[in-house]
Amino acid sequence: MIVDCHYHIFPFLGGASGYESVEQRMKVMQLVMKNAQPRRKRDGAIVVEPTLWDGRTSGFEGLLEVNFRAGKYGRYEWDKDGETYYTEGFPPSLQNMEADPDYMAAQMEFTGVDVAVLQNDYLYGHLNEYFAEAIRRYPERYIGTIKIKEAEAYEDRQIAELHRCAELGFRAVFFQRASLRLAGCDARVDDPRFGPFWDEVQRLGLVAYLHGFFDEWKHVANLAARYPDVPMLHTIPNWNFPREGIGRMPREGRVHLRQDIRELLALPNVWFEITPIAYGALYDFPYTELIPTFRPYYEEFGGTKFVWGSDMPNLERWCTYLQGLNYLRYHWNFISEVDKRLILGGNAARIFKLAPGDGAKP
Amino acid sequence: VIVDCHMHIFAPLSGTGGYDSVATHMGYLKGNHSMVVRRERDGAVIDRPIDWPRVTDFRAERLGRYEWTLDGEAYYVQQFSPSLQTMESSPEFVVAQMDHAGVDVSLLQHDTMYGRFHDLFGQAMEKHPGRFVGLLKVEEPRAYQPEQLADLERLAGLGFGGVFFQNGSFADREACPWADDATFDPLWSAVRRLGLMVYLHGTTNYGAILRLVRRYPEINFMTLLPGGRFAREGQRRIPETIRELGSLPNILFEICPISYGFQFEYPYREMHHQIRPLYEELGGGKLCWGSDMPNLERFCTYLQGIDFLRRHCEFIAREDMALILGGNAARVLGLRAR
C-alpha cells in the first residue's frame, strides 16, 4: 500500500473558501507572499524590490493596494505602478487554480498511489466542508485532516468543530504554527492553554498533523510526551530536513543529529514527513544531493519514523507526481527495500490503522 | 533564443476540433492512442484489442483521459497528464508554460487528431506576437488540387510559417507519393514560392524524404530524429540514407523527449546512443529540439523536457547546443532575437 501523507485538494484559489470574503482571503495570501520574488509579466524579469508591501511596516498594515488576485495557470498576480507582476505559486498545468477531488484521484491512479492524507493548510482555505464531501465520495482514497482556529483551539466552539468533523469521518487534525502567528498568538505548541483541545484530540483518537514548528522541537516533544496515545506527524516542507542551528549536517563524529530532534524522534508516537517539494526548488530529479541530509536520520532511526508525502499538486512545479515517488523508491538506495515500504505506506497504514485492501476506509 | 519545434495548442478535445461534428472528431481520436487501456473500476491494464466499432460513447472530456464503456464495463486511456483537466491547451496556457520553462518561441504542429485549427493558430499568433509560428494543414492526399493550393496561399498570407504534412493521412502509408509523384509538384512549387518550411510527419521512409528534400533545395524541411538501433561498432554508425539526408543543407531532425519518456526515466541518458551518433556524424547544425507539450507532461515537466538535452547531453558542444535549442530553427523560421 502506498500512502501519500501530504496531499491537497481545493476549490478555486481566488474564492473565499471559508474566509469571510475574497478580499480577506487575498489579503492573507498577499501577506504570506509579501517577500516572494515575483516576475514582471511583460518580460518575465525577476524583481527583487518589494511590490506587495511597503518594505517597512510588518503585518497587514504594510500591505500595498495592488489588486492581489488568483490568476490562471498557477499564478497569483497583482498590479503596481502600471506593471503587472506574478508569482508562479503552482505549476502552469493548474490551469484554473483548482484541484478538485476527481482530478486529484486521477493523479493518484496515474501514479499508483492508494491513499492520500488531505492536509488542511489555511493557505488553501478553511476546507472542512470541502474535505467532508471528498471523503464521502472517495472513502477508500482520502483521509481528511480537520482545520480549527489554532489560536482559539481550547475554546468550546473549536472543540465542537473537532467533534463534528470527527463524526464526519475525519481522522486527524492539522495544527499550524503560522495560523497561530497570523492570529497574533505567540503561544508554543505545548502551551497549557491548549490542554482541553489536545485532551479531546486524544479522546477522539485523532492523529495530530503538526506544521511549521521548526524552532520549537522541545515543545513538540513535550506535547508528544504528554499525549503518548496521539500519533504526531510533523510535516517537513521546510526546504530540507531540519538542520537550523547547525547550518549543515555534520558528516564527522558518532552523533550527527541535533539533540532536541533526537529526543523528539525517539518518542514512539512521533514521525517526520519526507517530501520532494523541498528539493525540487534547488535540485534536479532524482534529488540525490539531499541524501547527505536525510541519511543521518535514517541511519539513526531506521525506516519506522518517516512517512512520505508529495505536496501535490504543488510538486508539479518541479517534477511529475511519479517522479515525486520514484526519487525515493528507485534512487535513494541507501534505504532498504523493507524500510522503503514502511516509509511509502507501511508506517502511515499503522498510524491511521488502515487494513490491507481497504484503502483509506477505517 | 530557445525554440520549441513541437508544440500543440488545441480547443477542448471534447468539441468538434474544427471538423464538421463532434462525432467526426471523436473518430480521429478513437483507437488513436499511445498509452495503455485501463479498466476504470480497478485500473487494470487491458491488453486485448478493443472492438472499437462497438464503442458508441467514446469521449475526451476530462482529466487527460479518453473514456468509453463496452459491455457494461468502463475503460479509459490516460493519453495526457491528469493535469490537462479540461482537455484544452489554449494559447495562454502554453505561453504560461513557455514562460515557466524559459522558451521563447513555439512551432505549432497541426496533427489531425487534435483538429483543424487554422483560426486558433491565427489568433494565437496575432495575440502573442513573436511567441508562436503556426504550421498550416492541408488535406494531404489532395494537397495539389486548386482549392488546397488556394488555402495554402491564403494561410501563408496570414503569417503561417510552414506546412504540417502528415504521411498518416494517406491510405497507403508505404507509398509516399508526395516524394516523387509529379502530381504533387504544384504543392511543393507553391510551398517554395511562398517561402514556407515543411514539417514531414509520420514516416520513417528516409529514402522518400531524401528524394523530396533533394528535389526542393529551396524548401527547409524538418522531421523527427531517426530512431532504431544505431551501430556502436565501426567507423560509420548511421545508415547511408540518413547520412545522405543529413548531408543536405535543407533538413533538420527534431529531438523530442516524449518518445523516451515512454520507456525511461528522466534524464533519458538511455537515449544518448540514438542522439550521439547523429550528432557526431551530422553535427549540431542538423538538429533541433521539440517537446510535444502538453503531452510531454505525462512523463516529465516541460523544463525537464529541455534539461534532458541542455544539462545532460554533455557530449554536445556549447555552441552546438545553442543551435539545437533554437539557433537552427530560428534560421529556418526566419526568427530574429526578441
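Two strands are said to pair if DSSP finds at least two bridges between them, and strands (E, at least two residues) and helices (H or I, at least four) are DSSP runs numbered from the N terminus. The structure is a predicted model, in which local features need pLDDT of at least 70, side-chain atom pairs count only at pLDDT 80 or more, and totals for chains, interfaces and linings use all residues. Residues are numbered from 1 along each chain as its sequence is written, chains are lettered from A and ligands numbered from 1 in the order in which they are written, and side-chain values use heavy atoms, with hydrogens and water left out.

**Exercise 1. Work out the strand order of the open sheet of 4 strands in chain A, and find its edge strands.**

Step 1. The order is β2-β5-β4-β3 (chain A), and the pairing is antiparallel.

Step 2. The edge strands, each of which pairs on one side only, are β2 (39–40) and β3 (69–70) of chain A.

Step 3. Strand β4 (residues 75–80) and strand β5 (residues 83–88) of chain A pair in the antiparallel sense over 6 bridges, and Asp79(A) stands opposite Thr84(A) in β5(A).

**Exercise 2. Which residues of helix α6 of chain A are buried, and against which elements do they pack?**

Step 1. Helix α6 (residues 195–203) of chain A has as its buried residues Gly195(A), Phe197(A), Trp198(A), Glu200(A) and Val201(A).

Step 2. An α-helix has 3.6 residues a turn, so residues three or four places apart point the same way.

Step 3. The buried residues of α6(A) pack against α4 (156–167), β8 (172–176), β9 (207–211) and α7 (217–226) of chain A, where contact means heavy atoms within 4.5 Å.

Step 4. After α6(A) comes Gly205(A), whose phi is positive, near 70°.

**Exercise 3. Is Asn347(A) buried or exposed, and what does it touch?**

Step 1. Asn347(A) is found in helix α12 (residues 337–351) of chain A.

Step 2. Its relative accessibility is 1%, so Asn347(A) counts as buried.

Step 3. When residues up to four places away in sequence are not counted, Asn347(A) touches Trp271(A), Gly303(A), Thr304(A), Lys305(A), Phe306(A), Val307(A) and Leu342(A).

**Exercise 4. Place Ile2(B) in chain B, in sequence and in space.**

Step 1. Ile2(B) lies in the segment before β1 (3–7) of chain B. At 13% relative accessibility, Ile2(B) counts as buried.

Step 2. In sequence, Ile2(B) and Leu323(B) are 321 residues apart, yet in space they are 9.0 Å apart, C-alpha to C-alpha.

Step 3. Leaving out residues up to four places away in sequence, the residues that Ile2(B) touches include Gly102(B), Val103(B), Trp289(B), Arg310(B) and Leu325(B).

**Exercise 5. Describe the overall form of each chain.**

Step 1. Chain B has 12 helices and 13 strands. The radius of gyration of chain B is 20 Å, close to the 20 Å that the globule rule gives for 338 residues, so chain B is as compact as a globular protein of that length. Here the radius is taken over C-alpha atoms, and the globule rule is 2.2 Å times the number of residues to the power 0.38.

Step 2. The C-alpha trace of chain B spans about 55 × 45 × 40 Å along its principal axes, and buried residues make up 57% of its 338 residues.

Step 3. Chain A has 12 helices and 12 strands, and its radius of gyration of 20 Å agrees with the value near 21 Å that a compact globule of 362 residues would have.

Step 4. For chain A the C-alpha trace spans about 55 × 50 × 40 Å along its principal axes, and 59% of the 362 residues are buried.

Definitions and conventions. Buried means under 20% relative accessible area, exposed over 50%, partly exposed in between (1.4 Å probe, protein chains only).
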